[in-house]
2 protein chains.
Amino acid sequence: MNKIEKLEKVRVIGFDADDTLWVNETYFREAEEKFASLLSDYEVHERVGRELFRVEIDNLGRYGYGVKGFVLSMIECALDLSNHQVPQKVISEIMDMGKEMLEHPIELLPHVEEVMAKLQQRYRLIVVTKGDLLDQERKLQRSGIAHYFHHVEILHDKQEENYRKLLHQQDIAPQEFLMVGNSLKSDVLPVVGIGAQAVHIPYHTTWAHEEPDPHAHDSTSYLSLASIAELPGHVLRPN
Amino acid sequence: MNKIEKLEKVRVIGFDADDTLWVNETYFREAEEKFASLLSDYEVHERVGRELFRVEIDNLGRYGYGVKGFVLSMIECALDLSNHQVPQKVISEIMDMGKEMLEHPIELLPHVEEVMAKLQQRYRLIVVTKGDLLDQERKLQRSGIAHYFHHVEILHDKQEENYRKLLHQQDIAPQEFLMVGNSLKSDVLPVVGIGAQAVHIPYHTTWAHEEPDPHAHDSTSYLSLASIAELPGHVLRPN
């Protein structure tokens, strides 16, 4: 499929935020690299990464998505892997990494602002993201593009039921909604699953937890684009 | 003032959650006690409490409200107060305290359920709380009273602008809204400040950060009750 099937009914476009509107995963990857270096006395680089991932997934239901849970998982992993030998200074450094991540300036992805300016003339634009409430609101405020959006919804997860509830609360029928995001698992498949439409714009880096089972979906049910710059050509075409 | 002045226009009642619908602050106080004991080799009890409060306030803009930020602040405070000498085992114990807090069963305050059952017959009830998105949603689900509420709003802060935006989004005029909560600073004063009404139901314990300046408000502008059990008598009275 190379177009959006039922464009004429779409009136609301939802955008994922992290790695769709602005850079995010890159900073987590950099933090993971630094974390592995800090623990190099105790474990080889690659194994640190695997252990951290395991701890993060174990804590996901408890801490949810976001920087604070990530920092708590790094500390837990450092204590585990070092058998409680990791120097206290390293724990301080891990906490400082978290503070830096929370205060990082927002780096918009290429073409995002011009695309929002174009699309808002024909569509109601909303942000649909998950993660820490405070952190996501702060990022949007700092991004300089908050004024393009009519509504911001921060979900604790992005499964079919979360999207269904959002559309119901916002009084949007599924066929009126198009979601745009970098994660097949969170932004595309559950949206297609409830009868709305989705556009996938991959980011060069995806957290392993966001990778769906490659056999579990049909890639003809959504549109895939290399860049958000291509989006207006698909949704602003003459009907 | 011993009644709600303009009851006839009220159609929506908002409830704060922590320490209004269920016990919360008590668990933070217990955690603070335990934290002070863990650090008793480095500092006297009372000074640990003061230092932790200082670190929490310093981090509030960064971490927001909630258990995860509280745990990160405890770890930071432990490292600071011990000059990085605190044993790694203690850091583990602090993290375990946080996990316990996140998994704690919900203990409804007395009469809450019967009051919600009565009020929902005449009013639209909503929850207006602040804190971690995931944690607050989970607490509401576990509380067993989620079905009484038409809407749940989790704010990152409860100042006048946050309430103004909420009422606007929910299409509620200020005179149609009554807020009920235990915090003068978060649940009462900003609500009265935007022209809505508020009922204060103090909880026996209030976090120092939630204590308003006693000279900064006029206690005749809201109703104060000793227990939520008294609320129906005020808002279900014959007009």
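Analyst: Two strands pair if DSSP finds at least two bridges between them; strands (E, at least two residues) and helices (H or I, at least four residues) are DSSP runs, numbered from the N terminus. This is a predicted model: local features need pLDDT of at least 70, side-chain atom pairs count only at pLDDT 80 or more, and totals for chains, interfaces and linings use all residues. Residues are numbered from 1 along each chain as its sequence is written, while chains are lettered from A and ligands numbered from 1 in the order in which they are written.

User: In what order do the six strands of the open sheet in chain B lie?
Analyst: The pairing in this sheet is parallel. Strand 3 (151–155) and strand 6 (223–224) of chain B each pair on one side only, as edge strands. The order is 3-2-1-4-5-6.

User: Which residue of strand 6 of chain B stands opposite B:Val199?
Analyst: Strand 5 (residues 197–200) of chain B pairs with strand 6 of chain B in the parallel sense over two bridges. Opposite B:Val199 stands B:Leu223.

User: Which residues of helix 5 of chain A are buried?
Analyst: A residue is buried if 20 or more other C-beta atoms lie within 10 Å of its own, exposed if 12 or fewer, and partly exposed in between, with C-beta atoms placed from the backbone. The face turned away from the buried side of helix 5 of chain A carries the exposed residues A:Glu114 and A:Ala117. In helix 5 (residues 112–119) of chain A, the buried residues are A:Val115, A:Met116 and A:Leu119.
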